[in-house]
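Hi there,

Here is the structure I promised to pass on to you. Have a look at it first, and then read on for my notes.

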Amino acid sequence: MKTLRRVFAVMLLIFVIIAVDYCIYVYLNLPISEAVT
Amino acid sequence: MTRHKINIALTVVISLGFAVLGYFVFSQSYLRLWESVKDLWISIRFYFYELFHIGTPVKATVTEYSEMLKLETGLPQDWNGFTDKFVLYIKELFNPNVFQAYWAGKDFVTVCKVLIVTMPLLLILFFAIKAIYRQSNTKHNKDTLPLKAYKKFVAVCVQPPIRFARQYVAFVRHYSPIWIVWLVMWLLYLNIASIVVEFLAFYFYFSSAFDVAGIYTQVVKLVVDLQVAVNTIPVVLWIIFAWLLLDRWRKGLARNRLHRYEGRNCGLITDLPIVSMSCGSMGKKKTTVITDMALSQEVMFRQEAFRRLQKQDMKFPNFPWISFEMELRHCMEHHVVYNLATIKQWVRLKEDRFNRHGNTNLQLYGYDINRYGYTFNDALKVETLWDVLETYALLYFIYVIESSLLVSNYSIRTDNVLQDNGNFPMWYSDFFPETVSCESRHAHILDFDLLRLGKKVLDDSLKGSMEFGVLVITEIGKERGNNLELKEVKKVSDETNQKNDMFNQYLKMCRHAATVDNYPFVKVFTDEQRPESWGADARDLCDILTIVNSGEEKLALPFYTITDMLCEWAFNGFIRLYYDFRFRRGDNTLLVHLLKNITAWLWRRNIRIYNKYGYRQVNIEKERGTMDGKLEKKKYYLMNKKIYSRRFSTDCFSDYFSDIAKDTQVGIEDLREYATEKATVEELKLQNSYFINSLYH
């Protein structure tokens, strides 16, 4: 149970970091995307 | 040059540095502040003109963008632009091409290259260190050369600056004008002052214009104002700031959770009858549970007295209660009143004097009976002022008494603080404070003669002094025995015993002495391994709480799993390495010194977190003392910060055994051992066992 909770916590942390990084990336690249669309 | 002069000189230098920084880096912030002050002035004029038509019509400038600071982010300047861009953003967020481009942009190749290059180097270093540390020695407590050099370096280059920085921080905190001026300067520099002024300006504008559409403009202006702080403060500081905020937030959550569990515990305790008995085999935490319950009950009694005081106050709202309280406290200090009976006597004496002399100034502190009334009708009965004063005095005495309300046969420490500014005192009874309490009170020694209505062991000097409070008796069965054990004990005996001391009668009647305002301020918590160890006459009064098990330790602090895991890995990994090293070597080395200090820092931090926010759930089965087999499953929460802050000693009777042991001349090493795997006849006889002796006789 303890191990499962730890694995879940690590995965959640990695997911949150990637998600925040991706959201910032999309925002910063929005003008280029706008031009493309 | 003294340290004080150095501190002053440094303060001047830092202040000049800040001023120069303000001039060269943050000059725009001053101009922006001036602009926002102008916005505020115009908004105030706008507000008064719109409301009362005072002055001349003006156009509020707070709705316009700043001339000083320009928007540097891609945020649109109007609401329509924002919605368009937001829709585009959401579309792009779930665009697979953008997602692929995101991953394609990650430079994994470089990371792999770095790993490939560094791995062999790390492996070589690991094996080199292992080879060096394999050499064994017995140079006890001798530092190696690298460790000596490191200690010297720290002593000369690291510790003096740290010491100086610490004393300088203390100096700045002591002279509050210094840090206040610095704080104001930085609030100006980082545009926080402008944000506050702009908020006020918009508040005045919005309260009369109700311009909902203008809110978006203000959000954009807020982002523009925050640009200064975002651009100038390094990312590392932002991360530290965010971490501190997160830490503060989660600690608040943890404390709320512990308070909620404490509330549930109080609910369980309130449902118990006056006498209760906790049972469980050794190590099931039964004494811990009754101690925890007693601590909560003490606080609950004070809170109950306080709640009832408030209601008495409302019966005669214009009575000068403060004067009455002061006179009562004066009487308590001079030992004129010291228990509930003497308080009743004291109030009746005042009533008697009032009836004889009719002096309201002396006895009622100038209370105007004709104007504010002498009786109170609560639709059930009519109470006179003196009846209410008596109840108020009894409740106030229970509330204000600066002594533990616990009376027990083992010591319990409480740390509630009475805060008093000379008016109405308030108890600070938080079991989860942020700082460690310095106050300590201990439970009163339980003289069992207090609880004997019949024959006593000594004399009658303490008769009747146990009126209210929380009685805590551990191992009650050993004190009172059961019917089987007391078979040979006679009630008519000249000596005091369990059958003629009327202890059980006291338990049955104790609420009579402790009832104030129809509420019994007495509770008895007992524990024993088996309920049957206590005689049925007394046990039938109780609810029996059987401790089924106590769960594993949990943490109320959220988002701590990863830190907990790292601390555990660091500790387990280091300890294995460290004791292997200690087995081989007696000297001190640099690597072990560094690793030990880092691990100790992590371990100490972790243990503090567990002590502050750790708890375990105890599963309890509650049944009536008649033991009719109807069980109710209950949960009780034992919280580390509450129950393990030096509350009681788990080995409360250990001094008895120590007293015997210190007079003996032998220890475990001196006890004889069996010679082989099979005991000889002589060895069996050495056991002094009833069974073995019966075989040979």
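Where chain A meets chain B, the contact draws on 17 residues from chain A and 20 residues from chain B. Please keep in mind that this is a predicted model. The two chains bury about 1800 Å² between them, and 68% of that is on carbon and sulfur atoms. On the chain A side, the residues that lose the most area to chain B are A:Arg6, A:Tyr22 and A:Leu30, which together make up 35% of what that side buries.

There are also 4 salt bridges between chain A and chain B, and 6 residue pairs in polar contact, counting pairs with both residues at pLDDT 80 or more. Helix H1 (2-28) and helix H2 (30-36) of chain A each supply at least two residues of the side that touches chain B. H1(A) gives the most, with 13 residues. Sorted by class, that side of chain A has 10 nonpolar, 2 polar and 5 charged residues. For one of the residues already named, A:Arg6, the side chain meets that of B:Asp564 in a salt bridge (3.9 Å, N to O).

Now to the aromatic residues. Over all chains, a search of the whole structure finds 61 aromatic pairs. In one of them, A:Tyr22 and B:Tyr102 sit edge-to-face, 5.1 Å centre to centre with 70° between the planes. This pair crosses between chains, from helix H1 of chain A to helix H4 (residues 96-104) of chain B. Both A:Tyr22 and B:Tyr102 are buried. B:Tyr656 and B:Phe657 form another pair, and because their ring centres are 5.0 Å apart with planes at 80°, this pair is edge-to-face too. B:Tyr656 is exposed, at a relative accessible area of 54%, and B:Phe657 is exposed as well, at 53%.

One aromatic cluster in chain B includes B:Trp321, B:Trp346, B:Tyr365 and B:Phe424. Most residues other than glycine have a negative phi. B:Tyr365 is in the loop between helix H14 (360-363) and helix H15 (369-372) of chain B, and with a relative accessible area of 19% it is buried. B:Asp517 also has a positive phi, near 55°. That residue lies in the loop between strand E11 (515-516) and strand E12 (519-520) of chain B and is partly exposed, with a relative accessible area of 25%.

B:Lys642 and B:Glu262 meet through their side chains (2.9 Å, N to O). This pair links distant parts of the chain, with B:Lys642 in helix H22 (residues 640-643) and B:Glu262 in helix H10 (residues 235-271), 380 residues apart. B:Lys642 is buried at 0% relative accessibility, and B:Glu262 is buried at 9%.

B:Arg32 forms a salt bridge with B:Glu35, with the closest N and O atoms 2.8 Å apart. Because B:Arg32 and B:Glu35 are 3 residues apart in helix H2 (residues 27-52) of chain B, about one helical turn separates them. B:Arg32 is buried, with a relative accessible area of 1%, and B:Glu35 is buried at 11%.

Happy to talk any of this through.

Best wishes

Notes: Residues are numbered from 1 along each chain as its sequence is written. Chains are lettered from A and ligands numbered from 1 in the order in which they are written. Side-chain values use heavy atoms; hydrogens and water are left out. Contact means heavy atoms within 4.5 Å. Buried area is the accessible area (1.4 Å probe) that two parts lose on being put together, summed over both. A polar contact is a pair of N or O atoms within 3.5 Å; within protein, one must be able to donate a hydrogen and the other to accept it, and residues adjacent in sequence count only if both atoms are side-chain atoms. Helices (H or I, at least four residues) and strands (E, at least two) are DSSP runs, numbered from the N terminus. Ala, Val, Leu, Ile, Met, Phe, Trp, Tyr, Cys and Pro count as nonpolar, Asp, Glu, Lys and Arg as charged, and the others, Gly among them, as polar. Rings of Phe, Tyr and Trp (its six-membered ring) pair if their centres lie within 6.5 Å; planes under 30 degrees apart count as stacked, over 60 as edge-to-face and the rest as tilted. Buried means under 20% relative accessible area, exposed over 50%, partly exposed in between (1.4 Å probe, protein chains only).
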